[in-house]
Amino acid sequence: MQLIAEKDRIEVRSTGRLSAKKLSPLIAMLGTSEVIRDHDRRRKDCAGRKLKFTTLELIALLLYMEIKRLTFDGLRETLEGRGGQRILANLGMHRGPDGRYALPSDGWLSEFRNHEYPLIRLELEREIRDSVFLRYKGVRKVITVDSTPLEGSRYSPWAYNPHYEIRMGKAHMVMVNGIPVISSFTDGNAYDNSEFLALLNRFDGSRIRDARFVSDGGYCNHETYLKTFLRTGCLMSSNIRSDASIHKDALWGNVLRRYNRLHNVSGYRPSGWATPDFILNFLAAHGEGKLVGWALRNLDIMRPDSVHREDARARHVCETVHHAMKRWVSFDVRGLWRRYAEVRSCFRILVCTLLCVLFKAYDC
């Protein structure tokens, strides 16, 4: 996927006056998606015929619907009224036999959003993620992880969260320079750290260069340090408590002694000829993962205060984007059936990801 060029990104991060015409760069960007093209080749109706509306057209309409905070009835009223044909043209819709721009039924849109989009969600997310990493190749990257509450109504019986004292769901997101690249949705009482460990499995396991991996105190766990290192090659920087203590068994001297005991194991290198990365990966691969996790946490604790202050400023970008997302779309779960709350929330995250690509980036 070809991301929008930096010079074409919108300066002001607001959807207050974001018209269908201003969405044209996003629709053109989605038009370069291999995932969307491949899905269109597979899409057939129950009789095996090619479907009337393309995946890109349906995503464009749902994108417009979420940004304008419309219901299906509101969308139809808008697009069948005055100026509706111009909006449909800007959204890239095709013309029907009567020469007018076609508009799918509510059933088409609902079926696509609830049942077809989930089939391509993870692949589309991966494609956008790869494009974002390519865009920032060789440039300083700040990777942040956090969750944000999605407020529900008092009639939503899913989960009462005692921390926020509301009924809610949760959106969990990993961001690169303020752009969500991995996400999931859970009930309000899900543990952030457990969900993040699951999200890490979506990284391809290659080393990420020129990056800082930043989290808040809820992720300060030896298992999280270990898995973040193994999947990304980054030493996570967490908002560690001021009274956090060093795990003495995992100081570097003890780590080396434990490593040297494995001198008879295939693949061992003398510690003088091995890099710290190799030593930690070797130990983790031979049953010493807990030790490696504690060692990484020790290294984070021993970072200078100036580094932690800098990372705290970078983490603020994550919180700012979460706040902006709730202004851009109705980023809550009010009135949603639990059956479709995850699908709807994940589609809204996609909308916000596209808007983060469209708008100028925050300074990390």
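How many salt bridges does a search of the whole structure find? I looked this up at the start, keeping in mind that the model is a predicted one, and the search over the whole structure came back with 22 salt bridges.

Entry on R135 and E6. I turned to the pair R135 and E6, whose side chains meet in a salt bridge with an N to O distance of 3.0 Å.

Entry on R43 and D40. Here I found another salt bridge, in which the side chains of R43 and D40 come together at 3.4 Å, N to O. Is R43 buried or exposed? I read its relative accessibility as 4%, and because buried means under 20%, R43 counts as buried.

Entry on D300 and R303. I recorded a salt bridge between the side chains of D300 and R303, with 3.1 Å from N to O, and for this pair I wrote down that D300 is buried and that R303 is buried as well.

Entry on shared partners. Which residues do salt bridges that share partners join into one network? I wrote down E6, R9 and R135, and I marked beside this entry that E6 and R135 are the pair whose side chains meet at 3.0 Å, N to O.

How values were computed:
Residues numbered from 1 in each chain as written. Predicted model: local features only at pLDDT ≥ 70, side-chain atom pairs only at ≥ 80, totals over all residues. Heavy atoms only, no water. Salt bridge = Lys/Arg side-chain N within 4 Å of Asp/Glu carboxyl O. Buried < 20%, exposed > 50% of the residue type's maximum accessible area, 1.4 Å probe, protein only.
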